[in-house]
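Please consult the sequence and the coordinates shown here while reading.

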Amino acid sequence: MVDIHKDFAEHSIAEFFKKNRQMLGYSGKIKSLTTVVHEYVTNSLDACEEAGIPPDIFIQIEKLGQEHYKVTVEDNGPGIPKKLVGKAFGKMLAGTKFHRFQQARGQQGIGGAGCVMYGQVTTGKPTKVTTSSGNGTIYECYLTIDVKVNEAKITEEKEYSGQMRGTMIETELKDVLYQKSDQNSDEYLRRTALANPHVKITYINPENLTTVYDRAIDAVPPMPKSTQPHPKGITVDDMLSMVGATTARTIKSFLTTEFSRMSSAKAEEIQKQVSFDMDKRPKDMNWQDAEQIVNAIKKMTFISPPTDVLIPINEKHLEKALENILKPEFKSVLTRPPAVYQGGVPFIVEVALAYGGKAGISVADGQQLDNRMEIMRFANRVPLLFDTGGCGLTKAIQAVEWKRYGLQQDLPLTVLVNFTSIHVPYTGAGKQAVIDDEDIIKEIR
Ligand SMILES: Nc1ncnc2c1ncn2[C@@H]1O[C@H](COP(=O)(O)OP(=O)(O)OP(=O)(O)O)[C@@H](O)[C@H]1O
Ligand SMILES: [Mg+2]
C-alpha cells in the first residue's frame, strides 16, 4: 500500500500566513500598501491611548522604484521595552491584546508581524525599529521573522543616548502600488482623522504632498476599562479554558470572580440547577459539569453587560470631526445606547449623515461618486476600506429604504457608521468586514 503519511509535517503559524497572506490583507497592490499603513497606525494609536498620550502620528510613504515603496510610521507613544520588540513585530499571535476583554483597535497579535513578513518576502529586507520610553536611551534594531519557527531574528542591535519617546518603524515593500484610489492611504488616513478627532496626523504621500490633520478636540478619549466575560456569551469550551487559568478555590467563587454580573445569589441559583457540589475545585470541573452550568445560565436572566467599558466617538466629537473634514451643509449624528450581540458582547453603534460640502465626493478624482452615496465603515474607530460587499455594516445601511426618506442614491451624501465593541466580530484575520449578525444589523438599521 502507498504510505500516505510519509511526508507528514508540522508547520508554524507564520508559515501558514506566509502562504495565505491574502487573509491578512495582502492581496492586490494598492490594498497591500494600505494594509501596512493601517496595521502600524492602529498599533500606534492603541499604544498612545493606552498610555494616556494625545497621539501625534507621522506617516511617510516614499517611492523607491517600480512598485517599490518604503513606509515609515512614527508615534509619540510609550515605546516598546527592548526585550519585547522581537515578540511585538517578529512573532505572530503575540501581543498584549488577545486575552483581554477590552476595547482596542488591535485584537489578534498578528498585524505588526504581518507587515514585517510582507516586507521581507517581497524585498528580502528586514524592518527597522527605533524605540524609546523617553528615558534618554534609544534602542534600534533590524528584524525579520524566522518563518519556520515563528520567532524574530534581530540584527544590528544598538543602544545610544538621545531624546525620543515613542516608536518608529520602517518597512520596505515591493509588489505594492500607490495610486489615486478611494482605497489608498490618503483616504485611509482621512477617514482615520474623521473617526479620531483627538489625533494629530502628519502624512507625506509618495508624491511628496504633506497633509496635516490637526486635532479637532484636545482631550484623549477615556481609556476603555477591561471587563470580564458576561455569562450569557459563554460556551462550555470557554468555561473549561477559563477554569484552567483561574486561581479561585471553588467553582462558586470561580463564577463570581471571573464573570461580570455574576453575584453570589446568581451562583446559588445555578447551584440549585446542577447535580454536583459547586464547592469543589475548579480544576475538577469536567465537560458535563460545565455543560450543566451553561444550560442553567441559559434559563436565567442577568443584568446586561457593563457598558462603561465602551468608548464611542460621541456625538459632539463626531460633529466636530465632520465639520472639520467634510464641511457639509447639513449633518446629523447619533450615538445609540449600548446593545448586545451573541448573548453577552456589548457594542455601541454610531451613525452620522453628512450632506453637501465634501460629503459623497470621491477623493480619487474629486468628482461626486457615481450614482451612489458614500458609505464609511469603522470598527473601534478604524476605517474599513475593503471587503465592502461581505460586511454586515454595509448590508445594514443598504437595507435602509433611503427613497422613503426622499433620498436618492446620487446625492452628495456620506453615511458613516462606527461599530464599537470589546470584541469586533471580523469575518477574517484581515479585519476588514464585520459579520452580518442579526443583532448588529438590527441595531444599525
Ligand atoms: N507603536 C507601538 N507602541 C507600543 N507598543 C506596540 C506598538 N506597536 C505594537 N506594539 C505592541 O506589539 C503588540 C503586537 O502588535 P500586533 O499589531 O502584531 O498585534 P495587536 O495590535 O495586539 O493585534 P492585531 O493583530 O489585531 O493588530 C501589541 O499588542 C503591542 O503590545
Ligand atoms: Mg495591531
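**Helix packing, ligand and loops**

Q: Which residues of helix 7 (residues 251-258) are buried?
A: This is a predicted model, in which local features need pLDDT of at least 70, side-chain atom pairs count only at pLDDT 80 or more, and totals for chains, interfaces and linings use all residues. Residues are numbered from 1 along each chain as its sequence is written, chains are lettered from A and ligands numbered from 1 in the order in which they are written, and side-chain values use heavy atoms, with hydrogens and water left out. Buried means under 20% relative accessible area, exposed over 50% and partly exposed in between (1.4 Å probe, protein chains only), while helices (H or I, at least four residues) and strands (E, at least two) are DSSP runs numbered from the N terminus. In helix 7, the buried residues are Ile251, Lys252, Phe254 and Leu255.

Q: Against which helices do the buried residues of helix 7 pack?
A: Contact here means heavy atoms within 4.5 Å. By that criterion, the partners of the buried residues of helix 7 are helix 6 (236-245), helix 8 (264-273) and helix 9 (287-299).

Q: Which exposed residues are on the face of helix 6 turned away from its buried side?
A: Val236, Met239, Met242 and Val243 are the buried residues of helix 6. These cover an arc of only 125° around the axis, so they are on the same side of helix 6. They pack against helix 7 and helix 9. The face turned away from this buried side carries the exposed residues Gly244 and Ala245.

Q: With which residues is Thr246 in contact, leaving aside its neighbours within four places in sequence?
A: Thr246 is placed in the loop between helix 6 and helix 7 and is buried, with a relative accessible area of 15%. Its side chain reaches the backbone nitrogen of Ala248 at 3.0 Å. Beyond the neighbours within four places in sequence, the contacts of Thr246 are Phe254, Glu258 and Pro282.

Q: What arc do the buried residues of helix 3 cover around the axis?
A: In helix 3 (residues 82-90), the buried residues are Val85, Gly86, Phe89 and Gly90. They are on the same side of helix 3, because the arc that they cover around the axis is only 100°.

Q: Which elements are included in what covers the buried residues of helix 3?
A: The cover includes both helices and strands. The helices included are helix 2 (29-50) and helix 4 (111-123). The strands included are strand 3 (127-133), strand 4 (137-146), strand 5 (151-161) and strand 6 (165-174).

Q: Which residues are the closest to ligand 1?
A: A residue is near a molecule if one of its heavy atoms lies within 4 Å of it. Ligand 1 is surrounded by 23 residues, of which the closest are Thr96, Lys97, Gln107, Ile110 and Gly111.

Q: How much of the accessible area of ligand 1 does the protein cover?
A: An oxygen atom of ligand 1 is 2.8 Å from an N or O atom in the side chain of Asn43, and a backbone N or O atom of Gly109 lies 2.8 Å from an oxygen atom of the ligand. A polar backbone atom of Ile110 is 2.7 Å from an oxygen atom of ligand 1. Of the 600 Å² of accessible area that ligand 1 has on its own (Shrake-Rupley method, 1.4 Å probe), the protein covers 93%.

Q: How many disulfides are counted?
A: A disulfide is taken as a pair of cysteine sulfur atoms within 2.5 Å. The closest cysteine sulfur to that of Cys115 is in Cys141, at 15 Å, and is therefore too far for a bond. Cys115 is buried at 0% relative accessibility. The count of disulfides comes to zero.

Q: What is the phi of Glu67?
A: Glu67 is in the loop between strand 1 (56-65) and strand 2 (68-74). At 25% relative accessibility, Glu67 is partly exposed. Although Glu67 is not a glycine, its phi is positive, at about 50°.

Q: Where does Asp175 lie?
A: Asp175 is a residue other than glycine with a positive phi, near 65°. Its relative accessible area of 39% makes Asp175 partly exposed. Asp175 is found in the loop between strand 6 and helix 5 (185-195).

Technical notes
The arc is that of the directions from the helix axis to the C-beta atoms. A polar contact is a pair of N or O atoms within 3.5 Å; within protein, one must be able to donate a hydrogen and the other to accept it, and residues adjacent in sequence count only if both atoms are side-chain atoms.
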